[in-house]
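Q: Could we go through this one together, a piece at a time?

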Amino acid sequence: MAMAEAAARPAAVKRDRLRALGIMALNGMFDELDGPGVLRQATELLPGELAIVSSFGADSAVLLHMVAQVDPGLPVFFLDTGKHFPETLAYVETLKGHLGLGNVSALVPDERDITRFDPRGELWETDPDSCCHVRKTEPLDIALEGFGGWVTGRKRYQTKERGVLPHFELTSDERIKVNPLAYFTDADVTEYKARHGLPEHPLFARGFRSIGCAPCTTVVGEGEDPRAGRWRGLDKKECGIHFDVNAAIARPVPVAELTLFKDGGFVADPFRAWADGDDPAGVRYTHVPLPVFLANRDAVLANPHPLGLLVAPGDRVEVVADDLSRFASIAVLFPAFTDGRGYTSARLLRERYGYRGEIRATGDVLADQIALMRRCGINAFVVTNGPTRKALANGSLATVDIFYQPVGGAEVPVGTRPFLRRARESV
Ligand code: SF4
């Protein structure tokens, strides 16, 4: 490639390539290692930043035994969904005692999410993806904050989709996912358990080969995939914690494809825009336009899935003030640089109606607007403009600290009212 062309390549593309090369190098260097070797390398690669995630299912004793050999103090997370077999809960205690694991934590779903999305505990029947999201993905996402990587017990032989699983994956949230058992076969698992005298899950002898939540797990027949008993009859193979956007195997999403800027970086956006023909009672992770919400209020409020609200110029947020807590995200539309009505909507949402969730700016979002948007309470930005993306990614946006027209309660007006400025400064 010509030097000029290489120099012109966007920084994000270069970074994506370096990330991909880094993970390829890891897999190349440590491809031949056995499970404990991979785990040991991971602890050296990410000292103090590595967590183990275990279902305490049929094969979990193998990985947890390796953890006990490498470092029994490594943090182990168990996703306590509230839907497990009692035998699984008992098995957690059995393995903790048997292996001497000293740092096992149960991750439980947020009560507010359960009240909002699954008050009757039946979401698994109508929408297992959302059920897994609320009971597994969300609690795990929160627990993994501060960790640079996590370890899973997945294996290639389990399903067709896992057939290319490597030892190390790079996820789009910049974490390394480690799969020490990737190359284990069914026979390897059996042999390992027998060699180390590991206790079996109480349901294993009754024909359960892959054990998750009770409503979604059935016995596996002769010749079936070990995971065939999970979500039987549904087109669902993974619970969601192993999805990377939509792929079953983590696929780093190029930064250039990520448009949502939040918490200091570009991240995968779980929400999508409302489309003609969408069903207000059934859509998920969609920003429902405010007029559509008003016309279908009962259906939207009864919809059990995570939803957002879209506020366009001219929409009056006052009319939805009592329902704001229903929405996990509010998108405020800025259709043109010259249209400032979105600022007013954002301030009303934050300051008058006390909305605490995500308020995102969407539409024609440009660098010069972002400082004022932030001052108005907007904390996420959907950005496609190249220079604006670059400025956000580099942290080179201008900030404003002199205010002629203060917003909110904390900004100090400049110039004319020194007594007020002094009063505010002493707060
Ligand atoms: S496995 Fe079933 S019950 Fe468990 S979280 Fe997923 S859908 Fe809900």
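This is a predicted model: local features need pLDDT of at least 70, side-chain atom pairs count only at pLDDT 80 or more; totals for chains, interfaces and linings use all residues.

Q: OK, helices then: at what angle do H4 and H5 pack?
A: Helix H4, residues 60–70, packs against helix H5, residues 86–99, at an angle of about 30°, and their axes are 10 Å apart.

Q: And is that crossing left-handed or right-handed?
A: The crossing of H4 and H5 is right-handed.

Q: Which residues meet there?
A: From H4 there are Ala61, Leu64, His65 and Ala68, and they meet Tyr91, Leu95 and Leu99 of H5. By class, this contact of H4 with H5 has six nonpolar residues and one polar residue, with no charged residues.

Q: Switching to strands: in which sense do E12 and E13 pair?
A: Strand E12, residues 329–334, pairs with E13 in the parallel sense, over six bridges. Within this pairing, Val332 stands opposite Ala361 of E13.

Q: How many residues of E13 are buried?
A: Strand E13 spans residues 358–363 and is mostly covered, with five of its six residues buried.

Q: What about Val178, where is it found?
A: Val178 is found in strand E6, which covers residues 176–178.

Q: Why does Val178 count as buried?
A: Val178 counts as buried because its relative accessibility is 1%, and the cut-off for buried is under 20% relative accessible area.

Q: What does Val178 touch, apart from residues up to four places away in sequence?
A: With those left out, Val178 touches Val38, Ala42, Leu50, Trp150, Val151, Thr152, His167 and Phe168. Taking Leu50 from that list, Val178 and Leu50 are 128 residues apart in sequence, while their C-alpha atoms are 9.3 Å apart in space.

Q: Now Asp113, is that buried or exposed?
A: Asp113, which has its place in helix H6, residues 111–117, counts as buried at 17% relative accessibility. Leaving aside neighbours within four places in sequence, Asp113 is in contact with Asp118 and Val134.

Q: Last topic, how many disulfides does the structure hold?
A: The structure holds zero disulfides.

Q: And the cysteines, say Cys132 and Cys376: buried or exposed?
A: Cys132 is buried, with a relative accessible area of 6%, and Cys376 is buried as well, with a relative accessible area of 3%.

How values were computed: Residues are numbered from 1 along each chain as its sequence is written. Side-chain values use heavy atoms; hydrogens and water are left out. A disulfide is a pair of cysteine sulfur atoms within 2.5 Å. Buried means under 20% relative accessible area, exposed over 50%, partly exposed in between (1.4 Å probe, protein chains only). Helices (H or I, at least four residues) and strands (E, at least two) are DSSP runs, numbered from the N terminus. Contact means heavy atoms within 4.5 Å. Axes are lines fitted to C-alpha atoms, for helices over the stretch in contact, and angles run from 0 to 180 degrees between N-to-C directions. A crossing is left-handed if the near helix is turned anticlockwise from the far one by less than a right angle, and right-handed if clockwise. Ala, Val, Leu, Ile, Met, Phe, Trp, Tyr, Cys and Pro count as nonpolar, Asp, Glu, Lys and Arg as charged, and the others, Gly among them, as polar. Two strands pair if DSSP finds at least two bridges between them.
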